[in-house]
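Please look over the following structure with attention to its strands, its charged side chains and its surface patches. The report below takes these topics in turn.

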Amino acid sequence: MEVIDQHRSIRKYKDDPVPQEILDKILNAAIRASNTGNMQMYSIIVTTDKDIKKELSPCHFNQPMVNQAPVILTFCADINRFSKWCELRGAKPEYDNFLWFLNGMTDAILASGNAALEAETHGLGICYLGTTLYTAEKICDILELPQGVVPVTTLVVGYPDGTPELTDRLPLEGVIHKNKYREYTDQNIEDIWKEKENSEETGKLIEINGLPNLARVFTDKRYTGKDNQAFSDSYMAVLKKQGFLK
């Protein structure tokens with residue numbers, strides 16, 4: 001619980017390597033995660049080569065941590081390995097569809113959560129890279145992902161260069177629903193976001209962006225409708241190319 005409570009996204013790393021025995025523990029923790037049907041429809045690409053990290057850097061919008069961190073873990077939905085095993089045993093695999101992309105994605109995300117916790121237990125820092133979904137086609141090319149394999153998320157892993165402040169979270173009552181979903185009233189929304197909207201950090205963010213409130217920072221700057229649609233279309237195209245959509 002202490003590790004969970006103290007979780008931070010680390011964006012600056014020392015260049016100290018992660019010892020192999022610790023990396024092995026992280027990866028073993030990942031593969032112990034719950035998964036669909038005990039089929040483990042995921043693969044993890046472990047990148048430590050500096051040249052390959054340089055290739056991956058533009059895929060993650062050239063964030064410095066991609067080159068700083070000694071280890072990059074790319075978690076992929078993978079129906080390729082299981083399908084090949086089925087064929088070798090005379091079974092007919094029919095996992096080349098959107099349902100099994102979702103199953104593989106779920107497996108990969110669960111594995112990444114275990115890896116993140118294990119890494120933090122050893123004093124390492126991690127950061128999830130949502131940019132994985134934005135540039136999936138290029139990542140497929142760099143990592144030579146075959147048909148049936150597609151990236152879903154990436155973790156940078158390494159020793160933190162500094163300790164950032166804990167980021168805020170919505171209160172428990174803002175995200176928990178008892179027995180059935182409870183629709184939010186306007187007052188509920190006001191109460192849930194009150195602390196976040198009134199924080200000093202939010203005030204600075206609003207000022208920097210020259211916008212009237214935090215919601216507009218998200219809709220006008222961070223995650224615009226134009227970008228959302230473009231990245232959605234590109235990822236769907238990758239799913240088709242990689243054999244998850246017919």
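## A loop glycine

Is Gly162 buried, partly exposed or exposed? Gly162 has a relative accessibility of 41% and therefore counts as partly exposed, where buried means under 20% relative accessible area, exposed means over 50%, and partly exposed lies in between (1.4 Å probe, protein chains only). Gly162 sits in the loop between strand 4 (149–158) and helix 9 (172–175), with helices (H or I, at least four residues) and strands (E, at least two) taken as DSSP runs numbered from the N terminus. Between the C-alpha atoms of Gly162 and Ala91 there is a separation of 52 Å, and the two are 71 residues apart along the chain.

## Basis of the model

The model is predicted, so that local features need pLDDT of at least 70 and side-chain atom pairs count only at pLDDT 80 or more, while totals for chains, interfaces and linings use all residues. Residues are numbered from 1 along each chain as its sequence is written, and side-chain values use heavy atoms, with hydrogens and water left out.

## Strand pairing

Strand 3 (residues 125–129) is largely enclosed by the rest of the structure, because four of its five residues are buried. Strand 3 pairs with strand 4 in the antiparallel sense over five bridges, pairing being assigned if DSSP finds at least two bridges between two strands. Within this pairing, Ile126 stands opposite Val157 of strand 4.

## Salt bridges

Side chains of opposite charge can pair when their charged atoms come close. Six salt bridges are found in a search of the whole structure, each defined as a side-chain nitrogen of Lys or Arg within 4 Å of a carboxyl oxygen of Asp or Glu. One of them joins Asp168 and Lys196, whose closest N and O atoms are 2.9 Å apart. Asp168 belongs to the loop between strand 4 and helix 9 and Lys196 to helix 10, so this pair ties together parts that are 28 residues apart in sequence. Asp168 is partly exposed at 31% relative accessibility, whereas Lys196, at 18%, counts as buried.

Another salt bridge links the side chains of Asp78 and Arg81 at 3.5 Å, N to O; Asp78 is buried with a relative accessible area of 5%, while Arg81 is partly exposed at 40%. The side chains of Lys204 and Glu200 also meet in a salt bridge, at 3.5 Å from N to O. Lys204 and Glu200 are four residues apart in helix 11 (residues 200–209), and therefore about one helical turn separates them. Lys204 is partly exposed, with a relative accessible area of 48%, and Glu200 is exposed, at 60%.

## Surface patches

Patches are made of residues with over 30% relative accessible area and no salt bridge, like charges being joined within 9 Å and nonpolar side chains (Val, Leu, Ile, Met, Phe, Trp, Tyr) within 5 Å; accessible areas come from the Shrake-Rupley method with a 1.4 Å probe, and for residues only the protein chains shown count as cover. A patch of negative charge gathers Glu173, Asp186, Glu190, Asp191 and Glu197 on the surface. Lys and Arg count as positive and Asp and Glu as negative, with His and the chain ends not counted, and a charge is placed at NZ of Lys, CZ of Arg, CG of Asp or CD of Glu. Helix 10 (residues 186–197) gives the most to the negative patch, with four residues, and Glu190 is placed in this helix.

Met1, Ile4 and Leu117 make a nonpolar surface patch of about 320 Å². Ile4 lies in helix 1 (residues 2–5) and is partly exposed at 46% relative accessibility.
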